[in-house]
Amino acid sequence: APKPRPFLKDRASFEEWRERTLEGYRRYARNLDLDPEFKLRRSEKRDGYTLNEYEFYPFEGLAVRTYILYPDGARPGKTPVVICMPGGGGSIEGLAGEHARDAYFTLYPTRDRQCWYYAKCGMIAVALENPANASNIHPDFGLWQALGVASRYWSKVGFPGTVCYVNRTVSSCINFLKHDPRVDKTKIACSGHSRGASILAAAA
């Protein structure tokens, strides 16, 4: 039988494990720019929402693309936000339901279309890629090879795997959206499928 994990032994063990784990996340979320720069690259009208493509910079020299879907009729200060991340190999195009424009493979195109569903329900939806996924993959690498290279790179420059990348991108998006007059700041949620569930720990 598999051995139980140490943090499941009792409440004290769990709380000690939780604090140790969260400290790693907090360390890479400190000193964030509270007013991050998001450059609007394009804005296109869709059925029921507007798709904006932005570029922002969680680390010096690193540009990250994101789609933000703004539903029609978003009320000032009343619109919930959901920040989304796809499963392994998924892209921001897939998250936004832009499958005709999505050149990257995903096994779950319907499930990964999270942003499209949320925007259709009247929420602001943010599409984020995992590091070494989709457009971030070098043509010479497969998905898992690319993920391995990315993890080794982040570790070599002093960060624990790709945790820091996800923390910074999620935190930057939350800080950016808090300045948006349409956003209900008390209703910012995250949604991730499979490998994209790492977004939940980062947001917490």
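Reader: In which sense do strand E3 and strand E5 pair, and over how many bridges?

Author: Strand E3 (residues 62-71) and strand E5 (residues 124-127) pair in the antiparallel sense over three bridges, where pairing requires that DSSP finds at least two bridges between two strands. Strands here are DSSP runs of E with at least two residues, helices are runs of H or I with at least four, and both are numbered from the N terminus. This is a predicted model, in which local features need pLDDT of at least 70 and side-chain atom pairs count only at pLDDT 80 or more, while totals for chains, interfaces and linings use all residues. Residues are numbered from 1 along each chain as its sequence is written, and side-chain values use heavy atoms, with hydrogens and water left out.

Reader: Ok, and which residue is the bridge partner of Ile 68 in E5?

Author: The bridge partner of Ile 68 in E5 is Val 126.

Reader: What else is Ile 68 in contact with, leaving aside its neighbours within four places in sequence?

Author: With contact taken as heavy atoms within 4.5 Å, the list for Ile 68 includes Thr 50, Leu 51, Tyr 54, Ile 124, Phe 176 and Leu 177, as well as Val 126.

Reader: Which residues touch the most other members of the largest nonpolar core?

Author: Of the 22 residues in that core, Ile 68, Ile 83, Val 126, Leu 128 and Leu 177 touch the most other members. A nonpolar core is a set of buried Ala, Val, Leu, Ile, Met, Phe, Trp, Tyr and Cys residues joined through side-chain atoms within 4.5 Å, and buried means under 20% relative accessible area, with a 1.4 Å probe and protein chains only.

Reader: Which element gives the largest share of it?

Author: H5 does, with seven residues, and the elements that give two or more residues also include strand E2 (49-59), strand E4 (79-85) and helix H6 (198-203). A second, separate core of 13 residues includes Val 82, Cys 84, Cys 115 and Ala 127.

Reader: Switching to the sheet, what's the strand order, and which strands stand at the edges?

Author: Six strands form an open sheet in the order E1-E2-E3-E5-E4-E6, with mixed pairing. Strand E1 (38-46) and strand E6 (183-192) stand at the edges, and each has a single partner strand, so one side of each is left without a neighbour in the sheet.

Reader: How do E1 and E2 pair?

Author: They pair in the antiparallel sense over eight bridges, and Arg 46 has Tyr 49 in E2 as its bridge partner. E1 and E2 form a hairpin with two residues between them, and Gly 48 in the turn has a positive phi of about 95°.

Notes:
Buried < 20%, exposed > 50% of the residue type's maximum accessible area, 1.4 Å probe, protein only.
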